[in-house]
Amino acid sequence: MNEAFSKLSNEKKSAILNAAYNEFEEHGFKRASTNKIAAKAGIGKGTLFYYFGNKKKLYQYLITSSFDIAYDEYLMQINFDETDYFDRLESITDLKQKVSNLYPNELSFLSKLLLTPEDMDWSDVIQEKREESERLWEKVLTENVDFSKFREDLPREKVLNLIKWGLEGYRKELEQKAKSLGNSTVFSEEEIKYFYQEYNDYIALLKKTYYKS
């Protein structure tokens, strides 16, 4: 990113970045048009490239920025003082919704990328960020958790694996749904709210199944 971009007003920077987030989210890297991004942002294509160098560098800048927001505003804000396993999962869902409301374009763009990873071009730095986020997510499911609430007649490790696999299966189902609808499809706000509610419903069912009465 050219230093000249950082000197722009926040309003102008937001206009450029939001145009880019929306275009890449809707069409993916290969089909996204830098002409359309520039036109929506109210600047020339040459100016866009002056700020970011080329299409690939702009794309990677967006990925890096959205990962930084997800890490700082979401993953690093998770409350590890909440020791109930399922309550923590629910609170994480609520936190993610709040952050998504504050940074709708950034997190919507990132979510679409994670649902269609084959469209990504991971640089070493971006791959590092992804792996760091995944390591932190592993801690979310194990660190400072009160496992005494789980049923004692079931092996804990296998139960945790079943929960993990179940939630991962739900994520993959959403991924397949996104693929079947086509790369140009963007989930509406109502659809996203439905997915969050459905996710919490599954958590409640898992809690009823695996916790002591």
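Visitor: How many helices and how many strands does the chain have?

Guide: In this predicted model, the chain has 10 helices and 0 strands, so that, read from the N terminus on, its elements run α-α-α-α-α-α-α-α-α-α.

Visitor: What share of the residues is buried, and what share of the contacts joins residues at least 24 apart?

Guide: Buried residues make up 39% of the 213 residues in the chain, while 75% of the contacts between residues at least 6 apart in sequence join residues at least 24 apart. The accessible surface comes to about 12,200 Å², and carbon and sulfur atoms hold 50% of that area.

Visitor: By what are two packed helices described?

Guide: Two packed helices are described by the angle between their axes together with the distance between those axes. Here helix α4, which covers residues 45-52, packs against helix α5, residues 55-74, at an angle of about 60°, and their axes lie 9 Å apart. Because angles of 65 to 115 degrees count as roughly perpendicular and those under 35 as roughly parallel, α4 is oblique to α5.

Visitor: Is the crossing of α4 and α5 left-handed or right-handed, and which residues meet there?

Guide: The crossing of α4 and α5 is left-handed. From α4, the residues L48, F49 and F52 meet K55, K57, L58 and Y61 of α5. Sorted by class, the residues of this contact comprise 5 nonpolar and 2 charged ones, with no polar residue among them.

Technical notes. Residues numbered from 1 in each chain as written. Predicted model: local features only at pLDDT ≥ 70, side-chain atom pairs only at ≥ 80, totals over all residues. Heavy atoms only, no water. Helix = DSSP H or I, 4+ residues; strand = E, 2+ residues; numbered from the N terminus. Buried < 20%, exposed > 50% of the residue type's maximum accessible area, 1.4 Å probe, protein only. Contact = heavy atoms within 4.5 Å. Areas by Shrake-Rupley, 256 points an atom, 1.4 Å probe, with all protein chains shown as cover. Axes fitted to C-alpha atoms, helices over the stretch in contact; angles between N-to-C directions. Parallel < 35°, antiparallel > 145°, perpendicular 65-115°, else oblique. Left-handed = near helix turned anticlockwise from the far one by under 90°. Nonpolar A, V, L, I, M, F, W, Y, C, P; charged D, E, K, R; others polar.
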